[in-house]
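Here are my notes on the two-chain model you passed along.

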Amino acid sequence: MEACLLEPNLYCVKGIAILDIDGNRILAKYYDKNVFPTPKEQRAYEKNLFNKTHRANAEIIMLDGLTCVYKSNVDLFFYVMGSSNENELILMNVLNCLYDSVSQILRKNVEKRAVMESLDIVMLAMDEICDGGIILDADSSSVVSRVALRNDDIPIGEQTVAQVFQSAKEQLKWSLLK
Amino acid sequence: MSGFKRDHKEEEDGGGNPFQNIEKTTVLQEARIFNETSVNPRKCTPILTKLLYMLNQGEQLSAKEATDVFFAMTKLFQSKDVILRRLVYLGIKELSSIADDVIIVTSSLTKDMTGKEDLYRAAAIRALCSITDATMLQAIERYMKQAIVDRNPAVSSAALVSSLHMAKLAPEVVKRWVNEAQEAVNSENIMVQYHALGLLYHIRKSDRLAVSKLVTRSIQTLMYTNVSLQKSSYAVCMLIRIAAKLIEEEGADRKSSKSQSPYFQYIESCFRHKSEMVVYEAAYAVVNLNNSTSQEVAQAISVLQLLSASPKPALRFAAVRTLNQVAISHPAAVTACNLDLENLITDSNRSIATLAITTLLKTGAESSVDRLMKQIATFVSEISDEFKVVVVQAIRALALKFPRKHTVLMNFLSAMLRDDGGLEYKASIADTIITIIEDNPEAKETGLAHLCEFIEDCEHVSLAVRILHLLGKEGPKTKQPSRYIRFIYNRVILECPSIRAAAVSAMAQFGASCPDLLENIQVLLARCQMDSDDEVRDRATYYSSILNRQDKALYNNYVLNTLQVSMPALEKSLSEYINLNTAQPFDIKSVPVVAVSKSENDVKQKPEGMLISSGPTKISPSRDENFADKLNSLPDAQSLGPHFKSSEIVELTESETEYVVKCIKHCYAQHLVLQFDCLNTLNDQLLENVRVQLDVSEGFEIINEIPCPKLPYNETGTTYVIVKFPDGDILNSVGTFGAVLKFIVKDCDPATGLPDIDEGYDDEYMLEELEITLADQIQKVNKANWGAAWEEAESTFHEIEDTYSLSSMNTLEEAVVNIIKYLGLQPAERSDKVPKGKSTHTLLLAGIFRGGVDILVRAKLALADGVTMQLTVRSTDQSIAELITSAIG
């Protein structure tokens, strides 16, 4: 392992990925042109990463010269990657921010179906967390405040029956869980 | 059936996933809805999301498709829907690199960026900067400056981050924003501080004085006045990195110790920071400073020790990883953490456990080796192969460090060999044992015994073949060669054809090296001639007929030291030979000799901390063969004969000058092709007709020059000069050439790279002198059995002997390294390693001179007030031997 002082620049994050339970990409972004330039290499890396991480819930792994911190919930896996010399705790903060933002956006309902339903907002959140490898914001509440734009108070008349039913079900679920 | 399965799956997913099975053409088709006169956000948002999702999945769009979709997307600016607008920004960023004419949206984005809606402004800035180029940036400069000092932190951050991205394209423009960035550093918002600090450092990083001012000022604000900066862990981490770099840069001209430096004191003060992130960053910076004393790192290591007991895996990982790195430079300091590290061996995160073990093995004292090995033995069966490989590599390092412990380590390794495991794991153990054997003569016999036992029951063919090869090489040199024969012959009876063939070759080695075993070997080989496989029969027949002749020279050339040409080159030459003229016999000398591969060293340098390798490495053609292909495309190169050798890259200029020139010397039998790679670092000049004018030594003759027609800014062009070596006068084939770079300069516009005027003027640039050395003309050759070749050469080769006093050398190691480098020969029989504490050493070298002349060199070295060397050169050509003896001194 090559030990060296870290170059003082803001480009900390090499990539962010959200995978599903089969290791397929839901969303992924790579910020360094030298790290997995083609979609094919990215896929191969994601497969490899998923195989190494989906069983052991160990939070951090070193793979192919990248430090990768991860977190999973139900059928989703969140990954944040940085260079092997990067400060792991910074990466961890980014991961936590990503996870918490998604969780708040989806109202703690962190699973694939919910992500797919609010994919637009999740994409915006990812964009607000990291811009071209620079951490834009690592505080989930401020990220959410910038993207949680969906107006929930659509007049009842404009909601479909299914939507009403769904929101009623969720409210009931949460009241029971409390 | 599969369709049914998919339906079923969708049901399981709960109502189907709207984004499954989307197709590019359909999505592009749907995107036409954007063009409708009134935009319906409820319809457009899902379609745009789908498009973005598809791009994210790695779907490639052609420039036309991208442009169409991009223009359709610009229509969506009519809508006031916030989400839709924000998605459009995302789309602009995604497509900006593929679509044409993206600048069309500049005015819309500028409007959003300066508008009232805060939710638009930050994102619009970032989108705008993704479509802006260097010339356009000046147009929006005013807005950017305003945005940097905006009161809204999101806007300010977005502007700062975008400026940093833009600094790659237009550094000059961004530099002008330094005052605004300075103001932003004092912002209340922690992220704005962080981004502003990053931008400020980037602008000023080439000016050390300005950077040190920046750090000093930031430290002061941080310590005395602004409490909020203290909260910004990111900014503090950044500050630590800048401070560490300053310490490093000052290192050269600082007389007092590091701890006097205010920056160092600042970093140390960060050990008491509230945030663990900062504490770790500070500790990491301190231990990675060059030439730290153990006193300086002591505090950092105790911090890491504390962190390594954290309940958070990421923190433990970070701490152990850093300790692992320090273990090389400050083993003693890390020893203090051994107890904590031992606790981590059982960590549930295997990355942490493995790092802990390797650190322990690195720092371990000789006395603790036994205990450590016992500890590893308890859990080695639980971990996966990948981690076992890392452990084995650590053991290898340990074995090299403590040669006396070889019995313990060897026993451990052989136990590991007997366990189940994949090929890669077994191969790494076998490699380690082989390294130990080669490095430590005492361990040889036990090591070979373990390997013999292993091949008795080895399921990996490639590994068995390798071990048999090793037995053939090393076995005959042991005290009792006969005991290995049984193991080898057992393979012939029991194994598959490729192993049987390898075993036959190994037996032949014994036959050739041990005359008293010859008779028995002949009997065994005779039996092998009845084998069912033709390769085995062929080898047996071949070896038994050679051994029958009882001729030392034959043994040497065909059994002990085998063919040394490069295989791809041999294949190429043979197929050419078949196609052309088969009347003349094929000349093996015309095939380039294979360069001794550096793979052995590479293995050692492989980062052992990297827990998982990145799959099989691609086998690329060797460097020489790459060059050979390139050179063959040159006019005239065909007539020079086969390519013999290429030298390392020689720099003929300083790396920071106007023109950077590097030279590679390609050697042929009678010619030298000099490849000059030139780089133009002046952005206001276009160079044409670039060539290197050489002032060659006496006897050399310039055959041809191939100039580089054009050399634009920041591109590398290549020009060649072909030189002929002095005819029949080998003694003069080393020399020094004066070199001048000649070219026509055309001044041009830095932005476009087009020349202002058609007429250029001649100019030249002095280069450093180019030396043609002996090493350029000699190819390294690995002689497996150097002694046998040397004895044979006694009668047939020319010999010259001379004695030198190398007064500038202080140790034998230094002398050995320099002789090898100077002569360009390959050390044989590991004679390049000088045993510790000896005052005499014999270095054995072998190589081939251009034109295919064998060279053997023996250098006897003695240490007494400098190094005295007796050099004996044996070569088939008298003048080459003279050249070598005369070249030293």
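Which residue of chain A forms a salt bridge with Arg126(B)?

1. The partner is Glu128(A), and the closest N and O atoms of the two residues are 3.4 Å apart. Keep in mind that this is a predicted model, so every distance here is computed from predicted coordinates.

2. That pair belongs to a wider set. Asp127(A), Glu128(A), Asp131(A), Asp137(A) and Arg146(A) are linked with Arg86(B), Lys93(B) and Arg126(B) in a network of salt bridges. Between chain A and chain B the count is 9 salt bridges, while over all chains it comes to 36.

3. Now the interface as a whole. Chain A puts 62 residues into the contact and chain B puts in 70 residues. About 5,800 Å² is buried between the two chains, and carbon and sulfur atoms give 61% of that area. On the polar side, 27 residue pairs are in polar contact across the interface, counting pairs with both residues at pLDDT 80 or more.

4. Which elements of chain A do the touching? Those giving two or more residues include strand E2 (25–30), helix H1 (39–53), helix H2 (88–105) and helix H5 (140–147) of chain A. The largest share comes from H4(A), with 7 residues. Sorted by class, the side of chain A that touches chain B has 32 nonpolar, 9 polar and 21 charged residues.

5. A word on chain A itself. Its secondary structure comes to 6 helices and 7 strands, and from the N terminus on the order is β-β-α-β-β-β-α-α-α-β-β-α-α. Chain A has 178 residues, and 57% of them count as buried. If you take contacts in chain A between residues at least 6 apart in sequence, 53% join residues at least 24 apart.

6. Chain B has salt bridges of its own that are worth a click. Lys312(B) and Glu276(B) meet at 2.9 Å, N to O. Lys312(B) sits in the loop between helix H18 (294–307) and helix H19 (313–329) of chain B, whereas Glu276(B) is in helix H17 (276–287), 36 residues apart. Are these two buried or partly exposed? Lys312(B) counts as partly exposed because its relative accessibility is 44%, and Glu276(B) is partly exposed too, at 32%.

7. Next, look at Lys444(B) and Glu474(B), whose side chains form a salt bridge at 3.1 Å, N to O. Lys444(B) lies in helix H27 (444–456) and Glu474(B) in helix H28 (461–474) of chain B, so the bridge ties together parts that are 30 residues apart in sequence. Both residues are buried.

8. Glu688(B) is in strand E5 (685–695) and Lys746(B) in strand E9 (735–747) of chain B, 58 residues apart. Glu688(B) and Lys746(B) are both buried.

9. Last, the cysteines. How many disulfides does the structure hold over all chains? The number is 0. As for where two of the cysteines sit, Cys667(B) counts as buried because its relative accessible area is 0%, while Cys496(B) is partly exposed at 28% relative accessibility.

Key. Residues numbered from 1 in each chain as written. Chains lettered and ligands numbered in written order. Heavy atoms only, no water. Contact = heavy atoms within 4.5 Å. Buried area = accessible area lost by both parts, 1.4 Å probe. Salt bridge = Lys/Arg side-chain N within 4 Å of Asp/Glu carboxyl O. Polar contact = N/O pair within 3.5 Å; in protein donor to acceptor, adjacent residues only side chain to side chain. Helix = DSSP H or I, 4+ residues; strand = E, 2+ residues; numbered from the N terminus. Nonpolar A, V, L, I, M, F, W, Y, C, P; charged D, E, K, R; others polar. Disulfide = S-S within 2.5 Å. Buried < 20%, exposed > 50% of the residue type's maximum accessible area, 1.4 Å probe, protein only.
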